[in-house]
Amino acid sequence: MKIPDLRSPEGLEFLNSHLLNNSFIGGYEPSDIDTKVFKLLNQQSVKDYECLGRWYENIKSFGDEQKNFPKCSIVVEVENDSGNSKKEGKAKKKEKTAPAASAAPGKKVAVLNPPPEFI
């Protein structure tokens, strides 16, 4: 799944509509991608989006437990027009390859690329 730039209204609206049917970005349990996106947002930017605001407050309530969230089982990319550091680019590559390589036999790994139109 590719999330548009979260500094734009389009990115926030996309994430808000995704969270309409999902408790967390990666599905129904918190994951490392929730922590990553949470750090990119602030409370002021999400106040006008009902589902995004609910998700933000939920993730915030975990506090230091966010560090222990499991890896997301789907590939999620967050666009950022500012050209962030190379470190974040490397993290993206790692996210793309890690789920398939670390999946246990018989465990399903979903990749939504590109995301379905209804999201």
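**Figure 1. Helices H2 and H4 sit roughly perpendicular to each other in this predicted model.** Their axes cross at roughly 110 degrees and come within 10 Å. An angle from 65 to 115 degrees counts as roughly perpendicular, so that's the label this pair gets. On the H2 side, look for Asp-34, Val-37 and Phe-38; they meet Trp-55, Tyr-56, Ile-59 and Lys-60 of H4. Sort the residues of this contact by class and you get five nonpolar, two charged and no polar.

**Figure 2. Helix H1 packs against helix H4.** Here the axes lie 7 Å apart, at an angle of about 75 degrees. That makes H1 roughly perpendicular to H4. H1 brings Leu-12, Leu-15 and Asn-16 to the contact, while H4 brings Glu-50, Cys-51 and Leu-52. The class count for H1 with H4 is four nonpolar residues, one polar and one charged.

**Figure 3. The buried residues of H1.** Zoom in on H1 and you'll find Gly-11, Leu-12, Phe-14, Leu-15, Asn-16 and His-18 buried. What do these buried residues of H1 pack against? Their partners are strand S1 (2–3), H2, helix H3 (43–46) and H4.

**Figure 4. Ile-3, a buried residue of strand S1.** Ile-3 has a relative accessible area of 0%. Anything under 20% counts as buried, so Ile-3 qualifies. Set aside its neighbours within four places in sequence, and Ile-3 is in contact with Phe-14, Leu-15, Ile-25 and Val-37, plus the run Val-76, Glu-77, Val-78 and Glu-79. Take Ile-25 from that list: it's 22 residues from Ile-3 along the chain, and the two C-alpha atoms are separated by 10.0 Å.

**Figure 5. The largest nonpolar core of the model.** This core has 25 residues. Those with the most contacts inside it are Ile-3, Leu-15, Ile-25, Val-37, Leu-41, Leu-52 and Trp-55. Three helices, H1 (9–18), H2 (32–40) and H4 (50–61), each supply at least two residues of the core. Which of them gives the most? That's H4, with five residues.

**Figure 6. Thr-35 on helix H2.** Is Thr-35 buried or exposed? It's buried, with a relative accessible area of 10%; the cut-off for buried is under 20%. Skip the neighbours within four places in sequence, and Thr-35 is in contact with Gln-66 and Phe-69.

**Figure 7. Stepping back to the whole protein.** From the N terminus on, the elements run β-α-α-α-α-β-α. Of the 119 residues, 38% are buried. Among contacts between residues at least 6 apart in sequence, 63% join residues at least 24 apart. As for the surface, the protein exposes about 7600 Å², and carbon and sulfur atoms supply 52% of that area.

Conventions: Residues are numbered from 1 along each chain as its sequence is written. This is a predicted model: local features need pLDDT of at least 70, side-chain atom pairs count only at pLDDT 80 or more; totals for chains, interfaces and linings use all residues. Side-chain values use heavy atoms; hydrogens and water are left out. A nonpolar core is a set of buried Ala, Val, Leu, Ile, Met, Phe, Trp, Tyr and Cys residues joined through side-chain atoms within 4.5 Å. Buried means under 20% relative accessible area, exposed over 50%, partly exposed in between (1.4 Å probe, protein chains only). Helices (H or I, at least four residues) and strands (E, at least two) are DSSP runs, numbered from the N terminus. Contact means heavy atoms within 4.5 Å. Accessible areas come from the Shrake-Rupley method with a 1.4 Å probe; for residues, only the protein chains shown count as cover. Axes are lines fitted to C-alpha atoms, for helices over the stretch in contact, and angles run from 0 to 180 degrees between N-to-C directions. Angles under 35 degrees count as roughly parallel, over 145 as roughly antiparallel, 65 to 115 as roughly perpendicular and the rest as oblique. Ala, Val, Leu, Ile, Met, Phe, Trp, Tyr, Cys and Pro count as nonpolar, Asp, Glu, Lys and Arg as charged, and the others, Gly among them, as polar.
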